[in-house]
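User: I am new to this structure. Please show it, then take me through it in short questions and answers.

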Amino acid sequence: MSMIKKVLPYLLAIFIAYVFLRYLPFKFAKGSHLFQVLEDWSGLAWFEPHGRYLTGGAELLACILLFIPRLQSLGGLLSLALMTGAIFFHVFTPLGIDPYNDGGKLFTQAVGVWFSGLIIMYLRRDEFVPLLKHLGTDPKFSTSNM
């Protein structure tokens, strides 16, 4: 079990990074079909390109965190949060599960990343919970100082 707990999070991190980095150029390329559909649906004029840039930056940050041992659980959490949003937008907007008529490959990968992030958080829970407690008690992060 110990070997699985050490190796599996990194294998999952490789999968997540592969998916995020594979689509990263589209987050910074002009005129994303996905984000344009979301802008038209939401009526938020900033969604394309700013939502695309924000998403791309967050995905890149998640990739970095996933390979820093003490912060891997935060990378898992960020991946989980990003894919929760992606899955929501695919299911509940005109975007749909198969926006590129490729059999839903993008959606399937989003679900795979979601589960991978969840598993990383579970396997790294011994590191994640103390990190959250530290952030909650560290005077630098106290709300009274803000």
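**A first tour**

Analyst: The chain has six helices and zero strands. Helices (H or I, at least four residues) and strands (E, at least two) are DSSP runs, numbered from the N terminus. This is a predicted model: local features need pLDDT of at least 70, side-chain atom pairs count only at pLDDT 80 or more, and totals for chains, interfaces and linings use all residues. Residues are numbered from 1 along each chain as its sequence is written, and side-chain values use heavy atoms, with hydrogens and water left out.

User: What percentage of the 146 residues in the chain is buried?

Analyst: Buried means under 20% relative accessible area, exposed over 50%, and partly exposed in between (1.4 Å probe, protein chains only). By that rule, the buried share of the 146 residues is 38%.

User: Which residues is Met-83 in contact with, leaving aside its neighbours within four places in sequence?

Analyst: Contact means heavy atoms within 4.5 Å. Met-83 is one of the core residues that touch the most other members. Its contacts, with those neighbours left aside, are Phe-20, Glu-59, Ala-110, Val-113 and Trp-114.

User: How are the planes of Phe-28 and Tyr-53 arranged, and how many degrees lie between them?

Analyst: Rings of Phe, Tyr and Trp (its six-membered ring) pair if their centres lie within 6.5 Å; planes under 30 degrees apart count as stacked, over 60 as edge-to-face and the rest as tilted. Nine aromatic pairs are counted by this rule. Phe-28 in helix α1 and Tyr-53 in helix α3 are 25 residues apart. Their centres are 6.1 Å apart and the pair is stacked, at 10 degrees.

User: Why is the pair of Trp-114 and Phe-115 edge-to-face?

Analyst: Trp-114 is partly exposed, at 25% relative accessible area. Phe-115 is also partly exposed, at 45%. Their ring centres lie 5.0 Å apart, and the pair is edge-to-face because the planes stand at 90 degrees.

Key: A nonpolar core is a set of buried Ala, Val, Leu, Ile, Met, Phe, Trp, Tyr and Cys residues joined through side-chain atoms within 4.5 Å.
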